[in-house]
Amino acid sequence: MNRNQVLPQVHLSAEPSALQRVDFCAPQSYKGAGFLGISDLPRLAEEVSAISAGDGFDWELETHFEDSPGSDPLQIMNLGLKGRVHLVCQRCLQDCAVELAEKRRFILVASEEEADAYPLEDEEQEPLVASQHFNLLETIEDEVLLSLPLIPKHPEGFCEPHASTFGEVGDE
């Protein structure tokens with residue numbers, strides 16, 4: 001690919017169905033943003049304790065190509081997520097709103113072999129296998145699920161511990 005070549009930029013539709021088949025193998029860059037409600041993310045919907053108005057995630061995506069010494073330019077995908085879900089607080093066992101804001105950087109690779117060979121110590125970017133039918137909606141949902149706290153809790157002092165937690169090791 002010519003270093004000075006200008007690639008077309010495709011604007012992604014915010015519709016969930018359009019995000020299920022994105023051609024990341026085409027020589028073009030992508031840009032898009034939108035909002036996904038909890039109902040658009042079925043695996044996440046199984047994890048939430050309640051759904052309130054406004055629950056869901058704003059997403060923002062941009063891809064570009066970066067020069068790589070000695071090889072073809074690398075396709076980079078930057079994904080930003082910001083939103084809210086309701087989970088069960090593990091202190092009081094009541095509903096707890098959890099705000100999430102994440103920024104992820106991925107390098108799009110051509111095969112599983114390339115992804116497996118990618119250095120694990122590179123924590124700033126993660127490999128994703130590009131395809132002509134890439135399911136971006138699933139990737140967004142994966143990143144939301146990975147961002148959920150392992151033990152959701154209200155902020156300190158906001159709730160009383162549930163009666164079943166008294167008497168556990170470490171409690172006075």
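## Salt bridges

This predicted model holds 7 salt bridges. Side chains of opposite charge can pair when their charged atoms come close.

One of the bridges joins the side chains of R84 and D55, with 2.7 Å from N to O. R84 belongs to strand 4 (residues 71-88), while D55 sits in the loop between helix 1 (42-45) and strand 3 (56-68), so this pair ties together parts that are 29 residues apart in sequence. R84 is partly exposed, because its relative accessibility is 23%. D55 has a relative accessible area of 5% and is therefore buried, as the limit for that class is under 20%.

## A bridge to the segment after helix 3

The side chains of R91 and E156 also form a salt bridge, at 3.0 Å from N to O. R91 is located in the loop between strand 4 and strand 5 (95-109), and E156 in the segment after helix 3 (136-147), so the pair links parts that are 65 residues apart in sequence. E156 counts as exposed, because its relative accessibility is 70%.

## A further bridge and a network

R104 and E102 meet through their side chains in a salt bridge of 2.8 Å, N to O. R104 is partly exposed, with a relative accessible area of 24%. E102 is likewise partly exposed, at 25% relative accessibility. Salt bridges with shared partners also connect R43, E141 and D142 into one network.

L36 lies in strand 2. Its relative accessibility is 0%, so L36 counts as buried.

Q28 is in the loop between strand 1 (9-11) and strand 2 (29-37). Its relative accessible area is 18%; Q28 is therefore buried, since the cut-off is under 20%. The side chain of Q28 makes a polar contact of 2.7 Å with the side chain of Y30.

## A negative patch on the surface

E112, E113, E114 and D116 form a negative surface patch. Among these residues, D116 is placed in helix 2 (residues 112-117). D116 has a relative accessible area of 65% and so counts as exposed, the class for values over 50%. The residues of such a patch have no salt bridge, in contrast to E156, which is exposed and paired with R91.

Definitions and conventions: Residues numbered from 1 in each chain as written. Predicted model: local features only at pLDDT ≥ 70, side-chain atom pairs only at ≥ 80, totals over all residues. Heavy atoms only, no water. Patch = residues over 30% accessible without salt bridge, like charges linked within 9 Å, V, L, I, M, F, W, Y side chains within 5 Å. Areas by Shrake-Rupley, 256 points an atom, 1.4 Å probe, with all protein chains shown as cover. Salt bridge = Lys/Arg side-chain N within 4 Å of Asp/Glu carboxyl O. Lys, Arg positive; Asp, Glu negative; His and termini not counted. Charge placed at Lys NZ, Arg CZ, Asp CG, Glu CD. Helix = DSSP H or I, 4+ residues; strand = E, 2+ residues; numbered from the N terminus. Buried < 20%, exposed > 50% of the residue type's maximum accessible area, 1.4 Å probe, protein only. Polar contact = N/O pair within 3.5 Å; in protein donor to acceptor, adjacent residues only side chain to side chain.
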